[in-house]
Amino acid sequence: MGETVLDIQNIESFYGPIMAIRGVSLKVEQGQVVTVLGANGAGKSTLLKTISGIMDPEKGQILFEGREIQGMEPHKVVGRGIVHVPEGREVFPLLTVEENLTLGAYTRSDKAEIEKDRQMVFDYFPILAERRHQEAGTLSGGQQQMLAIGRGLMLRPKIMLLDEPSLGLSPLLVQEIFAILKRLNKEEGVTMMLVEQNARVALELADMGYVMEVGRIVMDDTSERLMESEDIKAFYLGHQEDGARGERRWKRKKTWR
Amino acid sequence: MNSHTRPTPAKQIEINGVIVSAVPGQKPALVDGCDTIVSLFQKRCEQLAARTAHREKDLGIWQSYSWQDYWTHAKWLGLGLRALGLARGEVVSILSEDRKEWLYADMGIQCVGGIASGVYTTDSASQLEYLLRDSGSRFLFVENDEQLDKFLEIEDQASRVEKVIILDQDGLHDLRHEKCVFLDDLYETGRAYEAENHGVFEAEIAKTRPEDTALLIYTSGTTGMPKGAMLSQENVISACVSGAHALPTQDHDEQLCFLPLCHILERNVSVYFPIAGKATVNFAESPETVFDNLREVSPAHFTAVPRVWEKVYSRVRVLAQEATPIGRLCFNLAIKTGLKRADYLLARKPVPLGVRAHYAVWDMLVLRNLRRMLGMDKMRRGGTGAAPISPELIRWYWAIGVQLLEGYGMTENAGLASINLPNDNKIGSVGRPCPGVGTRIADDGEIQTLGLNNFQGYWRNNEKTAETFTEDGWLRTGDVGKLDDDGFLTITGRLKDIIITAGGKNITPAEIESRLKFSHYISDAVVIGDARKYLTCLIMIDQENVEKYAQDRKVPFSDFASLCASQEVVDLIKGEVEEVNHAFARVEQIKDFRLINVLLTAEDEELTATMKLKRSFVEKKHAGLIEEMY
């Protein structure tokens with residue numbers, strides 16, 4: 001840890017006339033897991049799309065290993081070692097598990113190393129090894145998510161951008177996948193930027209957290225400290241403050257401190 | 001005592017169809033022959049019956065409520081309280097955001113001889129407990145479940161409270177609590193009482209005398225606990241008389257109500273003046289939607305605090321910056337012409353034909369649309385008060401064709417002491433003393449007022465009351481100011497805030513603070529330096545404008561604290577501080593400053609409900625930052 005891999009400075013992104021990201025700055029250091037929390041429409045996915053080149057920012061800079069990458073074509077961003085695991089998995093449904101993984105390594109040519117990485121993916125996700133010849137579309141949601149992560153790993157990325165890996169999965173599967181992500185980070189040293197609505201698992205995994213609301217960062221701190229914050233507890237971890245009546249419909253006002 | 005103006009005697013005149021005392025300040029204060037606000041209320045409801053008194057949004061659609069509704073509901077509410085045992089001269093507290101029921105309660109309580117006392121919705125449970133105990137309230141109105149929970153939290157300490165009346169039932173259908181009733185039940189009680197005791201309500205109104213206490217308004221109190229200022233029926237009526245002279249309302253005028261009704265400013269403007277002037281009051285849905293509601297309502301006059309005027313201006317500025325180059329050019333030219341015209345108007349000089357023609361063109365092309373977009377196209381006048389406003393900002397509003405006028409008043413003189421008039425305006429001053437308000441400057445510079453609007457005293461606090469009046473019965477406002485040769489009043493600061501530096505120099509911090517506040521990037525400031533070698537300052541930045549500044553200059557920041565910590569922002573504020581320093585002598589200059597890096601909300605004790613920093617709390621809470629500077 002220590003060296004800054006990804007340095008985002010004052011990014012502004014638009015969907016047509018609508019400003020989805022209003023000046024966001026954040027940093028990811030080598031070997032870190034950084035999570036971005038926020039409700040629907042906060043601009044989290046847009047942020048990832050802006051990093052991976054699917055969207056171009058109107059303003060601001062994205063420095064990856066000290067070089068500007070904002071506005072670059074997505075395939076060139078991938079070439080730099082940034083992998084985007086999209087929301088909703090987006091595996092190729094008619095290709096087999098193995099073919100999906102092979103596509104993940106599309107830009108690489110070192111056959112032996114690719115094979116080693118494929119083995120690593122199978123070690124982390126044994127179920128994928130079992131289903132290697134099955135069409136990806138016939139996998140369960142959790143398995144598809146594993147495949148999407150596995151496909152990302154096949155690039156041997158310098159940073160993985162994960163867009164809501166917990167989406168639509170059972171709590172048990174979420175635990176399982178996050179446990180694997182943790183191992184990947186610890187054992188393989190994969191740097192991750194994780195966008196999540198499931199704040200509890202995200203904060204347990206991450207070193208640092210940023211909270212986004214309507215396109216802006218309202219709070220950032222280490223995960224431990226965020227978990228202690230009254231606002232995070234009330235709005236993201238679902239702690240209920242019981243009023244004098246025992247049932248309470250209204251929520252405290254957010255102060256983000 | 002170096003200068004003063006005194007009211008002179010006279011009779012009744014008609015202003016916009018309302019007959020008021022021709023020379024305010026003389027007993028009896030009368031509006032359409034009524035010497036109490038409750039009898040005037042009765043008269044208006046009878047007169048205007050089916051006409052719209054209020055409008056409020058229900059599920060996003062404006063609904064109208066007539067003067068008849070106003071009357072019946074106030075009556076049921078008042079009689080309901082009477083049935084529950086409310087005696088004349090007792091205080092009833094109201095804890096709610098602005099809504100028509102607030103007014104029903106205010107008038108209902110007063111009509112049966114009670115005293116209405118508002119509680120800010122941003123107050124904490126313990127503050128509520130203090131206010132209930134101090135006022136001796138046996139009845140409390142709460143808006144909804146959120147406000148109810150505050151009461152339930154302190155229920156044991158507030159055992160004097162007998163009934164809590166809930167305005168909004170949402171989420172409370174399962175509530176079983178012996179002290180809680182819903183407003184509809186209270187109406188029912190009142191209606192039944194009325195059936196058995198017909199005419200009691202009218203009889204109670206007739207019993208009300210001008211000297212009866214009508215309201216209790218707790219002053220925010222930057223030091224010590226809040227004190228309840230007692231305003232009598234006569235105080236309220238005399239404020240209406242002064243209002244009719246200085247801020248005339250026309251029949252059928254539309255208004256927007258959005259500032260807290262606990263504050264004398266909004267209370268006058270949205271409750272009593274409309275009763276006197278027959279205006280229609282529209283309630284904003286929430287503080288967040290004020291600007292949208294403003295556009296929908298397009299009021300005839302709009303009174304707000306400087307913060308709101310500043311916000312509108314900032315929005316326009318941002319929009320203009322993001323416009324096309326041609327749009328921007330047109331906008332700038334229009335403003336330039338507008339300013340030229342404004343300077344003639346403000347100097348009370350005739351506008352030359354050329355300027356007038358120019359203005360007419362730009363008005364048609366740009367300014368008219370701008371006003372329509374802001375909801376100011378029908379606005380005859382805008383008002384600002386409760387805090388100092390930047391002269392530049394006033395000029396800008398005049399330039400776009402909105403006559404923004406600064407006034408001055410405080411709870412203790414029923415909210416209206418002096419005001420600028422559209423054709424008699426001196427920017428930077430708070431205007432000439434209102435008709436009927438005697439004003440003088442004491443030897444120590446304190447502004448003192450005399451008139452029928454001077455309050456009765458503080459509730460159960462004779463000691464403080466005695467301190468507030470001079471021996472000859474004038475009100476000590478606690479504000480320091482000057483009266484110029486033309487009779488315009490200027491406020492320079494608060495008497496008790498005067499700082500004496502270690503060097504022995506007396507300094508009025510408010511003078512420096514208001515200058516700082518005039519910057520778009522500074523929302524409030526507190527100057528420190530009592531018994532210190534030099535002056536320093538704690539500054540609260542304006543989030544929106546500083547964020548915009550940082551973004552435009554590619555200054556990276558994440559949250560508010562990091563924004564305050566960035567060197568560029570510190571430099572920006574430093575520049576603003578230095579700019580202000582130029583206007584002051586050496587000893588009065590700010591040598592160092594710190595930014596308050598937490599985003600304060602109205603719930604924080606450092607801020608008053610009108611979002612002003614409270615010196616004593618700020619000094620205590622940020623003692624660490626202050627020490628750093630010495």
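Residues are numbered from 1 along each chain as its sequence is written, and chains are lettered from A in the order in which they are written. Because the model is predicted, local features need pLDDT of at least 70 and side-chain atom pairs count only at pLDDT 80 or more, while totals for chains, interfaces and linings use all residues.

**View 1. Overall form of chain A.** Chain A has ten helices and ten strands, where helices (H or I, at least four residues) and strands (E, at least two) are DSSP runs numbered from the N terminus. The C-alpha trace of chain A spans about 65 × 40 × 35 Å along its principal axes. Buried residues make up 44% of the 257 residues in chain A; a residue is buried if 20 or more other C-beta atoms, placed from the backbone, lie within 10 Å of its own. Among the contacts in chain A with a separation of 6 or more, 67% join residues 24 or more positions apart, a contact being a pair of residues whose C-beta atoms, placed from the backbone, lie within 7 Å.

**View 2. The annotated region of chain A.** An unreviewed UniProt entry lists residues 6-239 of chain A as "domain: ABC transporter", and such annotations may be inferred rather than shown by experiment. Over residues 6-239, chain A is 39% helix and 27% strand, with the end C-alpha atoms 33 Å apart.

**View 3. The buried side of helix 3 of chain A.** In helix 3 (residues 97-104) of chain A, Val97(A), Asn100(A), Leu101(A) and Gly104(A) are buried. They lie on the same side of helix 3 because they cover an arc of only 95° around the axis, as judged from the directions from the helix axis to the C-beta atoms. An α-helix has 3.6 residues a turn, so residues three or four places apart point the same way. The cover over the buried residues of helix 3 includes helix 4 (111-124), helix 5 (126-130) and helix 6 (141-153) of chain A.

**View 4. The contact between chains A and B.** This contact takes 22 residues from chain A and 17 residues from chain B. On the side of chain A that touches chain B, strand 1 (4-15), strand 2 (18-29) and strand 10 (216-222) of chain A each supply at least two residues, and the largest share, four residues, comes from strand 10. The residues of this side of chain A divide into eight nonpolar, seven polar and seven charged, with Ala, Val, Leu, Ile, Met, Phe, Trp, Tyr, Cys and Pro counted as nonpolar, Asp, Glu, Lys and Arg as charged, and the others, Gly among them, as polar.

**View 5. Domains 1 and 2 of chain B.** An automatic or database domain assignment divides chain B into domain 1 (37-208 + 251-299), domain 2 (304-493) and domain 3 (498-628). The centres of domain 1 and domain 2 of chain B, taken over C-alpha atoms, are separated by 30 Å. Their contact takes ten residues from domain 1 and 14 residues from domain 2 of chain B. Helix 9 (264-277) and helix 10 (290-297) of chain B each supply at least two residues of the side of domain 1 that touches domain 2.

Definitions and conventions
Buried ≥ 20, exposed ≤ 12 C-beta atoms within 10 Å, placed from the backbone. Contact = placed C-beta atoms within 7 Å.
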